[in-house]
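Colleague: Before we look at the ligand and the domains, could you show me how the handedness of a helix crossing is read, and then take me through the rest?

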Amino acid sequence: SLRHARHASSLKLNSVGAEDIAYFSKILPPTSIISSLSSTPAAADELDQFNSDWIGRFKGHSTTVLKPKTTQEVSQIVKWCNDRKIGICPQGGNTGLVGGSVPVKDEVIVNLANMNKVRSFDPISGILVADAGCILQNLTDYVAPHHHIMPIDLGAKGSCQIGGNVSTNAGGLRLLRYGSLHGTVLGLEVVLPDGTVLDQLTTLRKDNTGYDIKQLFIGAEGTLGIVTGVSILTPPAPQASSNVILALPTFKNVLPLYQTVKRELSEILSAFEFIDRTAYDLAVKHGQGRALTEEEIDGAECFVLVETSGGRREHDEEKLNGLLENLLTADEPLINTGFVSLWALREGVTEAVSKEGKAYKYDISIPLSTFEDVVNSTREHLRSKGLLHEKAVKAVLGYGHVGDGNLHLNIVADAFLPEIQDALEPYIYEVVQSLRGSVSAEHGIGAMKTHALPYSKSQVSIGLMKKIKDVFDPNGIMNPGKVLE
Ligand code: FAD
Ligand code: MLT
Ligand code: ZN
């Protein structure tokens with residue numbers, strides 16, 4: 001029965017030793033091995049980079065980082081580790097926000113950065129096939145001369161890799177227009193936990209030949225295998241694109257504004273993102289984008305970024321200008337002001353938060369109508385615990401993807417402190433559960449939320465996930481301690 005399903009991650013794993021380094025040295029050049037155990041030991045701070053996550057909250061103790069260049073090399077490494085029961089932590093750009101890309105103990109880090117070649121691009125269909133270690137921005141640049149764009153965009157584009165995007169099923173700023181990677185990824189090449197190469201790198205738009213196995217790896221966070229190649233559909237670049245930021249007197253206007261904007265812009269609306277006043281102030285404070293004057297803001301409580309993308313500039317501008325005029329001249333205007341803008345202000349919030357302090361990041365799906373309430377009640381909850389002051393919690397803010405029902409609730413603290421953690425959890429997860437939301441909308445579970453999975457997933461679902469994990473990875477070597485406890 002599901003209750004008795006044996007779970008791979010409870011199995012004991014071994015540490016890397018001299019014999020393992022000797023084998024890795026046979027299959028990889030010296031420059032692809034960074035290890036404190038090798039004959040030319042790596043400096044501690046070099047290893048530290050790979051062991052530390054982007055938010056500075058999770059730390060691994062790996063002695064060995066391997067940077068293979070080919071699928072064959074990945075396969076040999078994985079087979080060896082499986083035979084020797086050594087844990088593996090797959091690592092892309094290490095920009096993940098839930099501690100999934102660093103080891104929990106001393107797993108070998110298999111870093112994909114050297115697998116960075118485009119394999120093919122068909123300008124007619126727009127299908128791109130690339131190594132998993134290609135950086136998202138580089139792929140955007142690659143398809144640009146063919147007048148295509150990547151179907152996904154996010155603030156970490158300069159560092160995150162397409163394999164990491166696929167493995168976290170990253171959402172980002174274009175999901176509203178182009179949908180999730182479950183739709184745009186057409187095929188994958190994956191090294192399974194026993195070293196077998198699963199070649200499903202198809203470039204077919206349609207393929208209903210039984211179970212769609214590749215979907216399991218999209219969002220698996222490296223727990224089912226190492227993604228080495230990705231086939232993805234890239235859309236034609238829009239002929240014209242514009243952004244405006246709208247300043248709203250009250251959060252209550254976000255919902256009616258969303259409805260109005262959808263109705264008036266219809267097919268040219270490509271993003272609808274929001275940042276609250278605290279997020280705006282932090283972004284401006286840390287130099288992310290142009291600040292407005294006080295008159296322009298006029299006491300705004302929050303801001304919405306609207307992007308349009310379409311086929312003809314005059315047509316799109318006419319629509320956008322019409323929208324702004326209607327909004328500003330209404331009897332009870334939904335906005336104080338609207339101005340042409342860049343993405344910097346919205347994209348820069350993550351960076352600004354990390355400059356301000358230590359971030360507790362809750363990436364949740366909840367009904368849009370509850371966004372403001374959840375941010376405010378979390379702040380009040382922390383205040384009631386006496387934790388809202390400079391030496392504990394400095395700011396509570398909300399921003400995110402309105403069009404996707406995805407709120408980023410961030411708590412910025414002076415330091416990661418147990419009393420803050422205890423005040424936030426299970427408090428926030430219980431709120432999410434009561435709203436039938438998701439404890440992870442787009443960042444994944446990683447190491448941060450394994451204990452929180454039951455707030456969003458039933459025991460039946462979790463039982464099936466454990467069974468699937470055991471089918472692929474009976475020795476539990478692949479990213480242990482992530483996703484499933
Ligand atoms: P990593 O962080 O290296 O890894 C993430 C997970 O995937 C880990 O569990 C790792 O083991 C696994 N993994 C990585 N590569 C592979 C592979 N080839 N095979 C198997 N497993 C692998 N996320 C969003 O969804 N939307 C956003 O808008 C967004 N914006 C961000 C903005 C900033 C400034 C930052 C720092 C992060 C943001 N993120 C966002 C989170 C993060 O960028 C994404 O999760 C991204 O997809 C991670 O890619 P990566 O290559 O850095 O993966
Ligand atoms: C975003 O939407 O900006 C990203 O998901 C990163 C974050 O949550 O900070
Ligand atoms: Zn996001």
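Modeller: A crossing counts as left-handed if the near helix is turned anticlockwise from the far one by less than a right angle, and as right-handed if the turn is clockwise. In this model, which is predicted, α1 passes α3 in a right-handed crossing.

Colleague: At roughly what angle do the axes of α1 and α3 cross?

Modeller: The axes of helix α1 (residues 18-27) and helix α3 (residues 71-84) come within 10 Å of one another, crossing at roughly 165°. Angles over 145 degrees count as roughly antiparallel, and α1 is therefore roughly antiparallel to α3.

Colleague: Which residues of α1 and α3 meet?

Modeller: On the α1 side they are D20, Y23, F24 and I27, and these meet E73, Q76, I77, W80 and R84 in α3. Sorted by class, the residues of this contact are 5 nonpolar, 1 polar and 3 charged.

Colleague: Turning to the domains, how is the protein divided by the domain assignment?

Modeller: The assignment gives domain 1 (2-114 + 466-472), domain 2 (118-233), domain 3 (240-347) and domain 4 (357-443). The centres of domain 1 and domain 2, taken over C-alpha atoms, are separated by 22 Å.

Colleague: How many residues of domain 1 and domain 2 are in contact, and which element gives the most to the side of domain 1 that touches domain 2?

Modeller: As a general idea, the size of an interface is often given as the accessible area lost when the parts come together. Here the description is by residue contacts, with 19 residues of domain 1 in contact with 27 residues of domain 2. On the domain 1 side, α3 and α18 (459-472) each supply at least two residues, and α3 gives the most, with 6 residues. That side has 8 nonpolar, 9 polar and 2 charged residues.

Colleague: Why does ligand 1 lie between domain 1 and domain 2?

Modeller: Ligand 1 lies between domain 1 and domain 2 because both give residues to the shell around it. Of the 39 residues around ligand 1, those that come nearest are G92, G96, G100, G163 and G164. Two or more residues of the shell come from each of β3 (88-91), α5 (162-168), β9 (226-233) and α14 (349-356), and the largest share, 5 residues, comes from α5.

How values were computed: Residues numbered from 1 in each chain as written. Chains lettered and ligands numbered in written order. Predicted model: local features only at pLDDT ≥ 70, side-chain atom pairs only at ≥ 80, totals over all residues. Near = placed C-beta within 6 Å. Helix = DSSP H or I, 4+ residues; strand = E, 2+ residues; numbered from the N terminus. Domains from an automatic or database assignment. Axes fitted to C-alpha atoms, helices over the stretch in contact; angles between N-to-C directions. Parallel < 35°, antiparallel > 145°, perpendicular 65-115°, else oblique. Contact = placed C-beta atoms within 7 Å. Nonpolar A, V, L, I, M, F, W, Y, C, P; charged D, E, K, R; others polar.
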